[in-house]
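Thanks for coming. I'll take a few minutes to go through one chain, so please have a look at it first.

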Amino acid sequence: MTEILNKLKNKINVDIHLKELLKGSSIAFVLRIIGIIAGYIFTLLITRGYGAEAMGVFAPIENSI
């Protein structure tokens, strides 16, 4: 297992493009997770504070066919 991790570390350290790609994608992933959590907290605050009717103002309308 450690041999596989060492090979992966070496490959990342040698290939600067792969390193840059992994860094950028991990930052985007973390920001996406933070946005999802913030949206959930916002929804929770609106529904607890003002009720489901007020949440209907903020919720998007979905057209299903």
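Before anything else, a term: a residue is buried when its relative accessible area is under 20%, exposed when that is over 50%, and partly exposed in between, using a 1.4 Å probe and protein chains only. By that cut-off, 3% of the 65 residues in the chain are buried.

What you see is a predicted model, in which local features need pLDDT of at least 70 and side-chain atom pairs count only at pLDDT 80 or more, while totals for chains, interfaces and linings use all residues. Residues are numbered from 1 along each chain as its sequence is written, and side-chain values use heavy atoms, without hydrogens or water.

pLDDT is the predictor's confidence in each residue, from 0 to 100. The chain has a mean of 87, with 94% of residues at 70 or more. Helix α2 (residues 16-50) has the highest confidence, at 93, and helix α3 (residues 52-58) the lowest, at a mean of 80.

Now the layout. Helices are DSSP runs of H or I with at least four residues, strands are E runs of at least two, and numbering starts at the N terminus. The chain has 3 helices and 0 strands.

Take helix α1, residues 2-14. The expected span of a helix is 1.5 Å times one less than its number of residues. For the 13 residues of α1 that gives 18 Å, and the end C-alpha atoms are 18 Å apart, which agrees. The number of buried residues in α1 is 0, so this helix lies largely in the open.

Finally, the C-alpha atoms fill a box of roughly 55 × 30 × 20 Å along the principal axes.
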